[in-house]
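Some notes on the model follow, as numbered points. Please read them with the structure open.

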Amino acid sequence: MKKTPKELNMTIANRIVKIRKRRKISQKVLSAKSGVSLGSLKRFEQTGEISLLSLSKIAIALEIDGELESLFENVPFLSIEEIINEQN
């Protein structure tokens with residue numbers, strides 16, 4: 001079953017929290033290191049809501065920006081028509 005946008009956002013937020021905690025970085029330190037306000041970081045971790053720019057800043061601060069950069073890199077074609085469209 002497909003996830004809702006909110007569920008997908010929370011999955012990403014939970015993964016970021018796990019990485020932050022396993023590296024023993026506090027929210028306050030991550031906020032300072034990333035340039036994302038502490039309020040925005042807390043809201044992201046609790047609700048999954050964040051701007052793409054702020055998510056990028058957090059990923060860079062955690063040195064996981066390569067994961068974000070490769071997002072949607074190898075998306076499979078859904079139809080023959082998509083393959084044809086890409087060649088045009």
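1. Phe72 sits in the loop between helix 5 and helix 6 (80-87). In this predicted model, Phe72 has a positive phi of about 65°, although it is not a glycine. Most residues other than glycine have a negative phi. Phe72 is exposed, with a relative accessible area of 68%.

2. Glu63 is another non-glycine residue with a positive phi, here about 60°. Its place is in the loop between helix 4 and helix 5. Is Glu63 buried or exposed? Glu63 is exposed, at a relative accessible area of 65%.

3. The largest pocket has a volume of about 640 Å³. It is lined by 18 residues, and those closest to its centre are Ile12, Arg15, Leu55, Leu68 and Leu71. By class, the lining of this pocket comprises 13 nonpolar, three polar and two charged residues.

4. Which helix gives the most to the lining of the largest pocket? Helix 1 does, with seven residues. Helix 1 (5-22), helix 4 (52-61) and helix 5 (65-69) each supply at least two residues of that lining.

5. Helix 1 also packs against helix 3 (residues 38-47): their axes come within 7 Å and cross at roughly 120°. On the helix 1 side, the contact is made by Lys6, Met10, Ile12, Ala13, Ile16, Val17 and Arg20; helix 3 contributes Phe44, Glu45, Gln46 and Thr47. This contact of helix 1 with helix 3 has six nonpolar, two polar and three charged residues.

Key: Residues numbered from 1 in each chain as written. Predicted model: local features only at pLDDT ≥ 70, side-chain atom pairs only at ≥ 80, totals over all residues. Heavy atoms only, no water. 1 Å grid on protein atoms, 1.4 Å probe; cavity = no way out; pocket = protein on both sides within 12 Å on 5 of 7 lines; lining within 4 Å. Points joined across faces, edges and corners; volume = space filled by probe spheres on them. Helix = DSSP H or I, 4+ residues; strand = E, 2+ residues; numbered from the N terminus. Nonpolar A, V, L, I, M, F, W, Y, C, P; charged D, E, K, R; others polar. Axes fitted to C-alpha atoms, helices over the stretch in contact; angles between N-to-C directions. Contact = heavy atoms within 4.5 Å. Buried < 20%, exposed > 50% of the residue type's maximum accessible area, 1.4 Å probe, protein only.
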